Amino acid sequence: MKNQKWSTRGNSMASQLKQIHPLAWTIIVGTIFGRMATSMSIPFLSIYLTQQMGASPTETGIIVAVSALVGVFASFYGGYISDRIGRKKVLFMSVFGWALVFIGFALSDKIWLFFIMNALNGICRALFEPTSRALLSDITPPSSKLLVFNLRYAAINLGVVFGPLLGLYLGLSDSNLSFLVAGGVYIAYGILLIVQFILHPLQQGEQGSGTAEPIRLKQAFRITSGDPVFMFVLIGTIFCVLGYGHFSSTLPQFMAINPNMTDGAKWFGYMLSLNAVVVLAVQFPVVRIASRFPPVVPLITGNIMVSVSLLLFGWAQSPWMLVTAVVIFTVGEVLMFTLMDVLVDRIAKPELKGTYFGMIGFNNLGNVSAPILGGFLLDSFGANQPLLVFAPIAISAVCGVPFLWIAHQRLQAREQQPT
């Protein structure tokens with residue numbers, strides 16, 4: 001009986017895998033290499049600016065933050081235009097634009113050029129992320145959506161496992177070679193997308209522009225911002241992303257300038273890879289358990305775990321404490337982000353999926369605030385007083401819990417109403 005049960009599960013998984021569209025596989029596999037290319041360079045940008053370009057922590061925080069700041073406002077428009085002109089055109093613009101941005105990083109020799117390049121980096125991400133997620137939703141059967149969104153998230157972290165190690169090997173602090181490699185990867189990704197769209201053209205209703213009378217931008221914004229469940233999810237996830245954003249902005253600066261830590265940049269690279277390895281190890285078991293609960297509950301639990309881990313980073317007195325903090329942080333990250341795409345897809349109106357996925361990009365206000373807040377705290381208290389840096393960060397992150405709890409109650413009330 002037990003073997004029969006596992007056989008049934010295996011057949012179900014195999015059936016869902018067979019239903020995945022070839023374009024969805026292209027996005028998933030391309031995400032591995034795209035994130036590998038990005039994570040070999042961007043997470044080390046703050047270290048490069050501080051140590052090689054002579055930027056202060058506050059200047060570095062502003063440069064790192066501009067990507068998220070631009071992305072906050074461009075994300076909604078990126079998702080919206082994918083509903084208007086189609087997913088394919090927006091994907092091509094973002095992928096080939098990304099390639100040019102990374103080549104621009106490699107050629108930059110002034111701080112203000114890094115500011116511009118990182119702003120363009122934010123625009124490309126804001127176009128690509130909601131469009132790719134909306135396309136995955138368009139071409140995937142409902143029974144396979146949870147699997148597809150989790151494969152995409154696993155692909156992100158598989159790329160992040162190897163990206164930081166490659167960045168260390170290529171020596172970002174001494175060379176801009178990793179930026180050129182990243183640009184080359186995105187050129188190859190774009191060419192692969194062109195080939196796949198030719199071999200597997202989208203059908204009617206899969207192109208993001210199938211409505212007879214497309215909704216105007218102002219009306220789309222009014223519909224999404226007037227959705228009470230979605231707005232409380234959005235506000236709550238801003239604080240989730242605020243806590244999460246310190247891992248790639250405040251923490252590397254803290255480790256690089258901490259006088260009590262040698263080779264802080266190298267240790268941070270190992271922590272990034274550990275983070276990705278733990279994600280890959282726990283993602284599917286955690287999602288299997290979390291999917292049994294109402295969809296907002298995992299976000300609340302994850303938000304609390306990330307806040308606790310940020311406090312542990314401030315208390316850490318040994319490498320083992322850092323490892324423990326990374327593991328707790330990572331489980332919290334998985335709980336926050338693996339089911340978020342499914343939740344947005346569940347809330348979104350069918351004709352506005354791209355717009356909803358774009359609107360959730362406003363939670364990157366947390367990513368905007370994280371490096372600025374972290375840089376201010378590091379400038380004010382220094383790396384010698386880590387608790388004074390990380391305690392305010394942890395408290396600010398956990399403020400998302402009340403908003404997520406209200407969203408949970410409203411979503412339950414909405415789903416109990418007769419259709």
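This is a predicted model: local features need pLDDT of at least 70, side-chain atom pairs count only at pLDDT 80 or more; totals for chains, interfaces and linings use all residues.
Start with helix 2, which covers residues 22–39. It has 18 residues. From first C-alpha to last, helix 2 reaches 26 Å, close to the 26 Å expected at 1.5 Å a residue. The helix is mostly covered, with 14 of its 18 residues buried.

Now turn to the nonpolar core. The largest one has 108 residues. Phe 105, Tyr 186, Leu 251 and Phe 313 have the most contacts inside it. Take Tyr 186 from that group. Leaving aside neighbours within four places in sequence, Tyr 186 is in contact with Gly 34, Arg 35, Ala 37 and Thr 38, among others. Its contacts also include Val 95, Trp 98, Ala 99 and Phe 102.

The largest cavity holds about 1,200 Å³ of space. Its lining is made of 43 residues. Closest to the centre of that cavity are Arg 35, Arg 125, Tyr 244, Asn 364 and Asn 367. Which helix gives the most to this lining of the largest cavity? Helix 6, residues 111–139, does, with eight residues. By class, the lining of the largest cavity has 18 nonpolar, 18 polar and seven charged residues.

The second largest cavity contains about 80 Å³ of space. It is lined by 13 residues. Thr 31, Arg 35, Phe 128, Glu 129 and Tyr 186 are the closest to its centre. Helix 2 supplies the largest share, five residues. The lining of the second largest cavity divides into five nonpolar, four polar and four charged residues.

Phe 128 leads on to Gly 79. Gly 79 sits in helix 4, residues 57–85. Along the chain, Gly 79 and Phe 128 are 49 residues apart, yet their C-alpha atoms are separated by 8.6 Å. Is Gly 79 buried or exposed? Gly 79 counts as buried because its relative accessibility is 0%, and the cut-off for buried is under 20%. Not counting residues up to four places away in sequence, Gly 79 touches Pro 130, Gly 354, Thr 355 and Gly 358.

An open space comes next. The second largest pocket has a volume of about 320 Å³. It is lined by 17 residues. Nearest its centre lie Asn 258, Asn 260, Met 261, Ala 316 and Gln 317. Helix 11 (250–257), helix 13 (297–315) and helix 14 (319–337) are the elements that give two or more residues to the lining of this pocket. By class, the lining of the second largest pocket has 10 nonpolar and seven polar residues, with no charged residues.

Stay with helix 13 for one last stop. Asn 303 is found in this helix. Asn 303 counts as buried because its relative accessible area is 1%. Leaving aside neighbours within four places in sequence, Asn 303 is in contact with Cys 240, Met 336 and Ala 397, among others. Val 398, Gly 400, Val 401 and Leu 404 are also in contact with Asn 303.

Technical notes. Residues are numbered from 1 along each chain as its sequence is written. Side-chain values use heavy atoms; hydrogens and water are left out. Helices (H or I, at least four residues) and strands (E, at least two) are DSSP runs, numbered from the N terminus. The expected span of a helix is 1.5 Å times one less than its number of residues. Buried means under 20% relative accessible area, exposed over 50%, partly exposed in between (1.4 Å probe, protein chains only). A nonpolar core is a set of buried Ala, Val, Leu, Ile, Met, Phe, Trp, Tyr and Cys residues joined through side-chain atoms within 4.5 Å. Contact means heavy atoms within 4.5 Å. On a 1 Å grid over the protein atoms alone, a cavity is a set of points where a 1.4 Å probe fits but cannot get out, and a pocket is an open set with protein on both sides within 12 Å along at least five of seven lines; lining residues have an atom within 4 Å of a point. Grid points are joined across faces, edges and corners, and a volume is the space filled by probe spheres set on the points. Ala, Val, Leu, Ile, Met, Phe, Trp, Tyr, Cys and Pro count as nonpolar, Asp, Glu, Lys and Arg as charged, and the others, Gly among them, as polar.
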